[in-house]
Amino acid sequence: MKFLLGILFAVVTVVIGIFVVVTSGIVNVGADQEHSPMMYSFLETARNRSIEHASKDISVPNLEKAEMISSGGADYKDMCAGCHLSPGVTSTDLSNGLYPKPPNFTKANIVKHYQSEAGARQSFWAIKHGIMASGMPAWGASHDADRMWAMVAFIRSLPELNEAQYTMLTTRIDTDIMDMSFDGDMDMSDDGSEMQH
């Protein structure tokens, strides 16, 4: 009985100690203050295991299709490159100011993890649901599964791209301009002269 009371006392003491530390305001939550190595390892392990568990039943489509890769480029440029970078860009104001640092998806050793089916599932889950207190938004609130899978496909190919290829694959084409028809008269000058097409 004394043993159980000792354990209960220890648990209550730890809980009260944590409560006092948290409510005292002495914990620095600034993004410019790094965690201790032990705390960082604890949080990283918790994040990785959580994503592995939550994503284990996700079905992965064919991410090797050229149209899948190319359709994810513009969204990556608009929504991801500011944090996760692009070919020829080693940092941005946004990537410099975040903690923990977002992974640099131009690096083959980083993206290698996402080449496996499990890694693709985890990447999709993170894009869809975001990651608490990391700066990673939940894009599933505004994007359908096809668009998010296209981003996963693009990320998997990103380390192989040079700057020119990246620019080509991430340029968003304005379909309204591409669909314009010049079947009618068009005024091409200030003097009112018309050009017939």
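**Helix packing and the loops around it**

A: Happy to. Helix H3 (residues 66-79) packs against helix H8 (residues 145-157) with an angle of about 90° and 7 Å between their axes. The axes are lines fitted to C-alpha atoms, for helices over the stretch in contact, and angles run from 0 to 180 degrees between N-to-C directions. Helices here are DSSP runs of H or I with at least four residues, strands are runs of E with at least two, and both are numbered from the N terminus.

Q: Before we go on, what kind of model is this?

A: This is a predicted model, where local features need pLDDT of at least 70, side-chain atom pairs count only at pLDDT 80 or more, and totals for chains, interfaces and linings use all residues. Residues are numbered from 1 along each chain as its sequence is written, and side-chain values use heavy atoms, with hydrogens and water left out.

Q: Thanks. What do you call the arrangement of H3 and H8?

A: H3 and H8 are roughly perpendicular to each other. Angles of 65 to 115 degrees count as roughly perpendicular, under 35 as roughly parallel, over 145 as roughly antiparallel, and the rest as oblique.

Q: Which residues meet there?

A: From H3 come Met 68, Ile 69, Ser 71, Gly 72, Gly 73, Asp 75, Tyr 76 and Met 79, and they meet Arg 147, Trp 149, Ala 150, Met 151, Ala 153, Phe 154, Ile 155 and Ser 157 of H8. Contact means heavy atoms within 4.5 Å. The residues in this contact of H3 with H8 divide into 10 nonpolar, 4 polar and 2 charged. Ala, Val, Leu, Ile, Met, Phe, Trp, Tyr, Cys and Pro count as nonpolar, Asp, Glu, Lys and Arg as charged, and the others, Gly among them, as polar.

Q: And is H8 mostly covered or mostly open?

A: Mostly covered: 10 of the 13 residues of H8 are buried. Buried means under 20% relative accessible area, exposed means over 50%, and partly exposed is in between (1.4 Å probe, protein chains only). Among the buried ones are Met 148, Val 152 and Arg 156.

Q: What covers them?

A: The cover includes H3, helix H6 (108-111), helix H7 (117-129) and helix H9 (163-170).

Q: What about H7, which residues does it use to touch H2?

A: Helix H2 (residues 37-55) and H7 pack at about 100°, with axes 9 Å apart. That makes H2 roughly perpendicular to H7. Ile 51, Glu 52, Ala 54 and Ser 55 of H2 make the contact with Arg 121, Gln 122 and Trp 125 of H7. This contact of H2 with H7 divides into 3 nonpolar, 2 polar and 2 charged residues.

Q: What does Ser 95 touch, beyond its sequence neighbours?

A: Leaving aside neighbours within four places in sequence, Ser 95 is in contact with Gly 82, Cys 83, Leu 85, Lys 101 and Pro 102. Ser 95 is in helix H5 and, at 6% relative accessibility, counts as buried. A polar atom of the Ser 95 side chain lies 2.8 Å from the backbone nitrogen of Thr 92.

Q: Last one: where is the cis peptide bond?

A: The cis bond joins Tyr 99 and Pro 100, with omega about 0°. Pro 100 lies in the loop between helix H5 (93-97) and H6.

Methods:
Polar contact = N/O pair within 3.5 Å; in protein donor to acceptor, adjacent residues only side chain to side chain.
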